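Please open the structure in your viewer and keep the selection tool ready, as this tour goes from one selection to the next.

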Amino acid sequence: MTTPLLSLDEATIKFGGLTAVNKVSFDIERGDLFGLIGPNGAGKTTCFNLITGVYKPTSGKILFKGSEIGGTPPNRIAEKGICRTFQNIRLFPSLSVVENVMVGAFLRHKTNIFSAFLYLPGAIRETEQFRAQAMALLEVVDLADVALARAADLPYGKQRRLEIARAMATQPDLLLLDEPAAGMNPQEKEELHLVVRRIRDEFQKTVLLIEHDMRFVMGLCEKIVVLDHGEEIAAGPPEAIRNDPKVIEAYLGEAV
Amino acid sequence: MKIWVVRILSIIGTLVAVFGFEFFMRGLVAQDQSLDYIYRLAVLAGLFVTLAVSLNLINGITGQFSIGHASFYMVGAYAGATLTNSLYKIQPLGPETWLFVVALGGAVAAGIAGLIVGLHSLRLKGDYLAIVTLGFGEIIRIIVFNQPFLGGSFGLNIADKNDKSLWAVLLLAILCIAVCRNLCQTPHGLAFLAVREDEVASSAMGVNVTRVKVTAFIVGSAFAGAAGALLGVYDGLITPDTFRMDVSFLILTMVVLGGTGSITGSVIAALLLFSIPEWPRFMVEGGKPWQVTGATLLAGAICLIVSVYLVKRTIDEYHGPQRTKTLRIVGIVGGGIIGTVLLGTVFGLIPVLANRTWDVGALRMVFLAVTLIVLMLIRPQGIFGHEEFGWQKAMKALRFGKPGANPT
Amino acid sequence: MDVLLSPLAGLQMDFGALPQQLVNGILIGSIYALIALGYTMVYGVLRLINFAHGEVFMIGCYAALFTSWAMGFTATGMQAAKPPTSNIVTLLIMLFVSMAVCSLVGVTIERFAYRPMRNQSRIASLITAIGVSLLLQFGGQLFLPPLQQNIQAEVNPFRDTISLTLRQAPASLKQEFKTASLAQKAAEERLAELAPPGALTSELSPEALEVRERLSELTIKSNSLRAQVNDASVFVVIQKGKLIMFAAALVLMIILRHIVLKTATGRAMRAVNHDFQSASLMGVNVNRVITYTFMIGSALAGAGAMMNSTFEGTAITPFAGVALGVKAFVAAVLGGIGNIPGAVLGGILMGVAESLVVWVGLSGYKDAIAFVILIVILLFRPGGLLGSSAVEKV
């Protein structure tokens, strides 16, 4: 049996008396397009924060490529190959679009800081190399034409895509997308759908995404886990989820 | 290969310019001893540029709100002074080479202090960090004040001073500018900027926020320390009062006024703010300083308030073509000056206002304060905002995609 | 390290002097608290460190000084044939003028320097605050009396002291002192009988010389006994004026508490403190709240200024606000900036800490202790003693 890429084993976190995520377990295999859904306050983003090291799990294990990562600092986790986007966009607002993506590439830097201080040829070469990579990624998310604009000046949908490009620049094995389609119009969602598929098919990334828009998730993801009040209430392929009575109950009133 | 040629040529060019300036200034002083204070002003200007640019690295580029930069300046000064007093007599190097040793010593001592403060920055943010840096500066100052072996409140004498060290000061300033600028050109610098913009996001992108912050503090304070060491060796006397809180505030103001994060902005604001209190020194007629009457002061104050109000309103609310806007602002400023003259003449008729006079020199700090407030009201994002010089930005856009251009 | 620790070698801890120092600390702490309240209230509504607050205090000192001059308490006035006398009304007038002037200054600063900056970055407002602070200091240097000034001591009618004995010396020791001082007195009288005052040694009779010899021995003995009695007993001496100052500070704080908790303005203040945006959306007139905040905060600084320069007798210079302002500000952070009871607690703790430093004999480090405490507190409780530190939501 191969080890899954990411595996949560009864991961739990409590804030004071509140259990935000309670014994959640699931495995993500390489190449999955995995969806994490649930009503508001179900603990989806907290789950992301556990995986990316923002929070330390109270109990339970989080294994990435077979080794424990629970409680590792976020930057170390990014180095290991997990990168994320944020629910409420967190770009570097006054940096340019291409610079935002280059920050993502930074963790692969090989030159040390002194060569940066002295602007030695190694640092110059690396800068250009990162810039070229960043431009290539901006092509993928269709932002190359605004590469020199300030990130804060981009419209909302483009900011979301820029976040994905920035995360991709870290060359992660696992990409976590936190509500990538939130606030987008149908056309932007359609474009995003294609981008995510391309990331998986062309770049061979594994994607875990949180999404509110059921139609978007059902059309995109191959496996889905449903959380409600911090507990896992269902898991399986979209068709099974769609007909699960517990899920219907949790989403009562919403079209599933 | 081409890079190295350009690099070496630019280094040689810098050296020629710096030493040319040094010999020009020395010639000036040799001609007329009373011009010595111009040499001194040049030294201080260089030091303040270094201080502002190095604080900009901490404050503007990395976004760590530090308002105690004078403490690193002070640590460097005392380290350099102690080093000179204890080792100068037995060192085999000449007085010129010794300047490098002293600067390095000051930089190391201040760098250690920067490390200590930088470690605090990991737990504290924003205002709280600011207060801790301020407090750190005051604690160091008071400790020095109470140490007899450091001269206490009387200050520390440096027997072997070197008052021909303008060149070293200028080289330090240029080095500081070059290092900061180079850093900003590379992904390393982007990591610093990213920490300023959003710590959580940059850490999620794999940036080691801890290391970035501590590095910024160490490098920034090391430059300030080197500047302090050179100040001590130049002046031959350092007192704790030279490094009071208001020096920190002045440096901070330079950074903010130039536009946080803008290196060119810091340099220009440093030169501007440093020189404002010095202008009145040159307002001398026949050996006597200019006199200002109460009438002029009152008229100036009234016209200043009115024209600042009008300029601010024009900037905020006028949406016509840029040309008319600029013309309006120029008109308001001109009107303010004319108004001052007219109103001053009218007020001059009132004996109480006409008879009270002050030396212009007495007004220097008031000038500084007024400039600060006015500039902040009119242009709160600083002279250059986050940007560098306009033409540099244009160059950057042109250079895009062409590797290896423009090394410093 | 040896050199750095050298001042510690001179440490002294006279526990008999401790209560006196603590009382001094609490009394001056009440002034720190009054000024700290201004910092904390402004920070609460605007998230702005009002660097000019120390200068508002300085202006309050001068307002009190000029009022006292206007009422005749000048150096020449005190030498006049009929010097003015002071009573509680004089003090109240000074207090009122000082508070009114400071309110006016505070509100003016807010209106013309801070309000235009409100939508700008906080650091820009901070620089403006520094600018205003410099302007008031150096502008003051131009226009205010050039030398350092003191309010005439006679303005304070409550200069007599109260002495509280906390521990009596042993009765035997006191008896011994009493006997010795009686003997000394007797010898003095005898000597006065034998020799006229001012007589030269050569003119004295042998008996007188002997008495004089004995008298000097007795004096030494009784002095040493007096010192022993003083060492063995513990007492606190307080000037009545300082007690009044403390009481007045408390009354002002209680009034402030009432305003903040019971009135509509106070409720609006708390709302703005909690969330500026929401408060303005809920129909709170934010501008008016900010004006009130500056008015009240500055008035408290004015009260502190008047009492500090009258009862503590601190000298007044255009730069008097800097050191005190920084201390009060540290006190506000110590208690948790933005938190009103915190400022009071912080102010009093600061006063006590300072007098403890003086008590152990490190008076050179008096001004540093504020920052040492501050850094320690911030590292272990970043929100201050009574404050809460918010966790950033990801």
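This is a predicted model: local features need pLDDT of at least 70, side-chain atom pairs count only at pLDDT 80 or more; totals for chains, interfaces and linings use all residues.

Residues are numbered from 1 along each chain as its sequence is written, while chains are lettered from A and ligands numbered from 1 in the order in which they are written.

Helices (H or I, at least four residues) and strands (E, at least two) are DSSP runs, numbered from the N terminus. Within chain A, confidence is lowest in helix α10 (residues 245-250), with a mean of 84, and highest in helix α3 (residues 97-105), at 94.

Next, select residues 1-81 + 173-256 of chain A as domain 1 and residues 89-171 as domain 2, bounds that come from an automatic or database domain assignment. Their C-alpha centres lie 26 Å apart, and 11 residues of domain 1 of chain A are in contact (C-beta atoms, placed from the backbone, within 7 Å) with 11 residues of domain 2 of chain A. On the domain 1 side, α7(A) gives the most, with 4 residues.

Finally, show chain B as well, where 32 residues are in contact with 36 residues of chain A. On the chain A side, the elements that give two or more residues are α2, β6 (82-84), α3, α4 (113-118) and α5 (121-140), and α5(A) gives the most, with 7 residues.

Note on methods: pLDDT is the predictor's confidence in each residue, from 0 to 100. Two residues are in contact if their C-beta atoms, placed from the backbone, lie within 7 Å.
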